Amino acid sequence: MNRFASIAKYTVMTVLAVISIIPILWMISGSLRPYEELFKYSSSLNIHLFVPVQPTLANFKEVIFSEGNPFLRYIANTLFVAGIVTLLVLLVNSMSAFAFAKLRFRGKAIVFALFMSAMIIPGEVTLVPNYLLMNYFGWLNSYKALVIPSMLSVFGIFLLRQFFAEIPDEILEAAKIDGASMTRTFSSIVLPAAVPPMITLALMTFLGNWDSYLWPLIVINDEKKQMIQVAIATFSSVEGTDWSKILAASTISTVPILILFLFLQRYYIQGITMSGVKG
Amino acid sequence: MTSVTAAAESASKTAPSSKKPRRFLRGEEITAWWFVLPSFALLLIFVFYPMLQAFVISFQNYNLVGSTRSFIGLDNYKSLMTDRDFLASLRHSFHFAIVVIPIQTAISLGLALLIQKKFKLTGLFRTLYFIPVVISTAVAATVFKLIYNKEFGILNNVLKTLHLPTTNFLSNPDTAMNGVIMLGIWKGVGFFMIIFLAGLNNIPQDLYEAARVDGATKIQQFFRITLPLLNRTTAFVVIMTTIDAIKLSGLVFVLTSGGPNGATETAVYYIYKMAFQQMQMGYGTAAAFILFAIVLAISLVQMRLFRNAEH
């Protein structure tokens with residue numbers, strides 16, 4: 001009976017695992033096959049549903065080097081924007097998290113409550129005014145619109161503050177007595193002690209920006225400046241029929257992220273766990 | 001910068017009489033404000049100011065193209081109440097939410113229970129279950145569009161093998177929402193599995209041992225120990241899922257563009273369409289406020305229900 005139960009458990013687990021990753025495997029294998037092949041072997045369940053008969057890299061070549069849809073450029077654009085946003089998020093939010101965790105100042109409780117209350121304000125409500133603000137600043141169609149409003153991470157402040165609070169006050173006092181300025185203490189004692197949560201925040205920010213779709217769709221019009229997600233979505237609705245190219249484009253935008261995730265997943269999972277603790 | 005100097009001044013007025021600690025605190029206070037300033041400025045400019053702005057705009061007839069802008073009182077809200085398309089979009093969002101909340105919560109709890117006990121392959125399974133979360137919305141929706149395809153999508157392939165009728169999910173108004181729901185659950189469960197896992201690991205193991213000694217079955221243990229002690233985690237998961245589900249938009253943008261025949265047009269999609277395609281900024285923002293009020297009300301009710309369950 002016990003043996004039966006454990007076999008059943010493994011079977012369920014395996015089936016669920018297959019459902020989780022089959023769409024991704026199918027995407028990757030589809031990107032490696034010629035267009036005709038996608039249809040040819042789809043009439044029944046067989047091994048060639050997933051294993052290409054004539055593997056080819058032609059789809060990737062066309063997608064990367066084509067004049068109409070330069071995906072390498074979209075990826076470079078997105079790497080650039082997501083990278084800069086990540087660096088700035090780390091800097092800006094670690095500074096205020098430090099102040100909230102370790103410094104004494106009047107109004108701290110109120111200001112902190114203001115930050116936390118921002119968590120319930122949904123982006124959908126502020127979408128239109130933020131767009132108008134970008135229009136007013138003249139940032140439409142510029143990366144400023146993607147970078148500057150994204151620099152604030154209330155979750156980041158919340159996350160880092162908890163780690164900073166655990167740094168013993170004695171160490172900071174000692175640095176002060178040795179004549180270190182607050183900035184110096186922050187950059188050479190506090191930050192190095194908080195590398196794991198900084199990686200968590202960096203990873204979550206980077207992936208969030210890599211995924212962002214609606215905001216770039218609204219504020220960026222110039223196709224050459226477009227972000228990868230918008231480019232893929234547009235590509236799949238315009239080129240409606242050339243599915244193998246679409247799969248290739250999806251694959252190149254996904255695989256680097258998957259690899260990054262596989263190496264750093266424990267930081268990412270830590271971040272999610274923290275967001276659950278909050279509730 | 002006035003706030004910094006003002007804070008420093010009031011500090012010097014009210015600080016205790018001994019001189020040294022006062023100056024010291026004042027220095028610390030100024031530094032603290034400098035550290036908080038960048039993020040505080042961002043908060044005011046890109047969150048609070050837009051929130052106030054949104055409130056004002058929702059009472060205006062604001063068309064960006066015709067550059068008309070006039071105060072019209074409650075007219076936007078009034079017409080939304082009878083706007084068939086808006087009400088239909090709310091219905092679609094609720095349809096999605098009502099199906100997704102119980103199913104997704106149950107599956108993510110199930111997954112968490114499956115991988116909770118540590119054995120050799122736990123880590124591998126956890127990673128596999130989590131992978132859909134990392135796949136971007138646009139890519140996931142694009143791939144699922146192909147999976148649902150009637151001619152060569154693998155879903156119909158599987159249905160055919162099982163001798164079930166094949167269908168093109170997304171081009172039939174009656175089934176299109178199911179296509180969105182399946183994708184939503186596929187992409188969502190891994191995230192909440194992790195939160196449930198953290199909740200499960202917080203339950204003291206000796207409770208289970210005591211129950212076993214008393215002869216409680218696994219099922220009794222689940223309903224008498226696991227579920228009650230997981231109440232706070234479940235509350236968090238259900239409330240978050242509800243908020244996310246009602247605000248669904250990204251998947252719909254790419255998978256169906258609200259079609260066929262508007263059958264999958266959700267509330268946020270409608271807001272986007274009004275504000276950025278028809279350029280009716282005031283009308284779209286008023287719709288966003290109604291949605292925000294609904295989401296807030298539901299969250300409060302849910303919080304209340306879970307708190308009552310705890311006592």
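Between chain A and chain B the count is 4 salt bridges, in what is a predicted model. A search over all chains of the whole structure finds 8 salt bridges. The points below take up two of these pairs and then turn to the interface and to local features of each chain.

**Salt bridges**

- Across the two chains, Glu28(B) forms a salt bridge with Lys176(A), and the closest N and O atoms of this pair are 3.9 Å apart.
- Within chain A, Glu62(A) forms a salt bridge with Lys245(A), with 3.4 Å between the closest N and O atoms.
- Because Glu62(A) belongs to helix 3 (residues 58–65) of chain A and Lys245(A) to helix 14 (residues 243–278) of chain A, the pair ties together parts that lie 183 residues apart in sequence.

**Interface of chain A and chain B**

- The two chains meet through 94 residues of chain A, which are in contact with 80 residues of chain B.
- Together, chain A and chain B bury about 8000 Å² between them, and 79% of that area is on carbon and sulfur atoms.
- On the chain A side, the residues that lose the most area to chain B are Met13(A), Trp26(A) and Arg106(A), which together account for 9% of what that side buries.

**A helix pair in chain A**

- Helix 8 (residues 154–165) of chain A and helix 11 (residues 195–211) of chain A have axes that come within 10 Å and cross at roughly 170°.
- Since an angle over 145 degrees counts as roughly antiparallel, helix 8 of chain A is therefore roughly antiparallel to helix 11 of chain A.
- Phe155(A), Gly156(A), Leu159(A), Leu160(A) and Phe163(A) of helix 8 meet Pro197(A), Met198(A), Thr200(A), Leu201(A) and Met204(A) of helix 11.
- Sorted by class, this contact of helix 8 with helix 11 has 8 nonpolar and 2 polar residues, and no charged ones.

**A hairpin in chain B**

- Strand 1 (residues 60–63) of chain B pairs with strand 2 (residues 68–71) of chain B in the antiparallel sense, over 4 bridges.
- Opposite Gln60(B) stands Phe71(B) in strand 2 of chain B, while Asn63(B) stands opposite Thr68(B) in that strand.
- The hairpin has 4 residues between its strands, and in it Ser67(B) takes a positive phi near 40°.

Conventions:
Residues numbered from 1 in each chain as written. Chains lettered and ligands numbered in written order. Predicted model: local features only at pLDDT ≥ 70, side-chain atom pairs only at ≥ 80, totals over all residues. Heavy atoms only, no water. Pairing = 2+ DSSP bridges. Helix = DSSP H or I, 4+ residues; strand = E, 2+ residues; numbered from the N terminus. Axes fitted to C-alpha atoms, helices over the stretch in contact; angles between N-to-C directions. Parallel < 35°, antiparallel > 145°, perpendicular 65-115°, else oblique. Contact = heavy atoms within 4.5 Å. Nonpolar A, V, L, I, M, F, W, Y, C, P; charged D, E, K, R; others polar. Buried area = accessible area lost by both parts, 1.4 Å probe. Salt bridge = Lys/Arg side-chain N within 4 Å of Asp/Glu carboxyl O.
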